Amino acid sequence: MLHKTSVKAGLSAAAVISALLIPAAGSASAAPAVSGKTVTAAADSFDAKCRSHGRTYVLKKYYRQVPVGPPTFYTLRCGTSTWGWKHIKAGHGWDSTMDRKIGAAIGSGDANGRGGYSTYANQCPRVEKFRTIIGTPAARNDLLTAYKVDQPAAAGAARC
């Protein structure tokens, strides 16, 4: 009986993790790749949702697996001109590539010391390529902004 319970628990956990990691058909991650900073169907959908909901409306959740326990999630809210999706779209552009880079930075990037996560080029000195900053007036685990970066990491330069 113990073996069957363990198998059921393992299968349930795998199903939950799969459901968290596989984007829904209507999500920005499921949008086809486009070149440049063009508006995608997901961006149009986000525009419509933000027009009919307030600044704290959650458009999407990004997940980061922690060593022990369930994944931590970070929310992308409609926001304002200074934070959230509206800020990212207006200031940095929004497309499926931006969405993918945010997911990669949060999901597997390194803490950047700015309250978020960044991805880096695999070279020495380390060069930061993309940065997210977490924490908004609405909530601690909200995406404030995300943008492309192309500069050496301060901590990595001295180690080469």
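Predicted model: local features only at pLDDT ≥ 70, side-chain atom pairs only at ≥ 80, totals over all residues.
1. Residues are numbered from 1 along each chain as its sequence is written, and side-chain values use heavy atoms, with hydrogens and water left out.

2. Where does Arg 64 sit? Arg 64 belongs to strand 1, residues 58-64. Helices (H or I, at least four residues) and strands (E, at least two) are DSSP runs, numbered from the N terminus. Arg 64 is buried, at a relative accessible area of 17%; buried means under 20%, exposed over 50%, and partly exposed in between, using a 1.4 Å probe and protein chains only.

3. The surroundings of Arg 64 are worth a look too. Leaving aside residues up to four places away in sequence, Arg 64 touches several residues, among them Pro 71, Tyr 74, Ile 106 and Tyr 117; contact here means heavy atoms within 4.5 Å. Between Arg 64 and Tyr 74 there are 8.1 Å in space, C-alpha to C-alpha, and the two are 10 residues apart in sequence.

4. How many disulfides does the whole structure have? A search finds one, taking a disulfide as a pair of cysteine sulfur atoms within 2.5 Å. Cys 50 and Cys 78 are the partners, with 2.1 Å from S to S. The pair links distant parts of the chain, 28 residues apart: Cys 50 is in helix 2 (residues 41-52), and Cys 78 is in the loop between strand 2 (72-77) and helix 3 (84-92). Their link is left-handed, with -95° about the S-S bond, and both Cys 50 and Cys 78 are buried.

5. After helix 3 comes Gly 93, with a positive phi near 85°.

6. Four strands form an open sheet in the order 3-4-5-6, with antiparallel pairing; two strands pair if DSSP finds at least two bridges between them. Strand 3 (110-111) and strand 6 (143-152) are the edges, each pairing on one side only. Helix 4 (residues 96-108) lies across strands 3, 4, 5 and 6, at about 85° to strand 5 (127-134). For that angle, axes are lines fitted to C-alpha atoms, for helices over the stretch in contact, and angles run from 0 to 180 degrees between N-to-C directions.

7. Two hairpins complete the tour. Strand 3 and strand 4 (residues 117-121) pair over two bridges, with Ala 111 opposite Tyr 117; five residues lie between these strands, and Gly 113 in the turn has a positive phi of about 75°. Strand 4 and strand 5 pair over four bridges, and Tyr 120 faces Glu 128 across them. Their hairpin also runs through five residues. Pro 125 lies in the loop between strand 4 and strand 5, and a cis peptide bond, with omega about 0°, joins Cys 124 to Pro 125.
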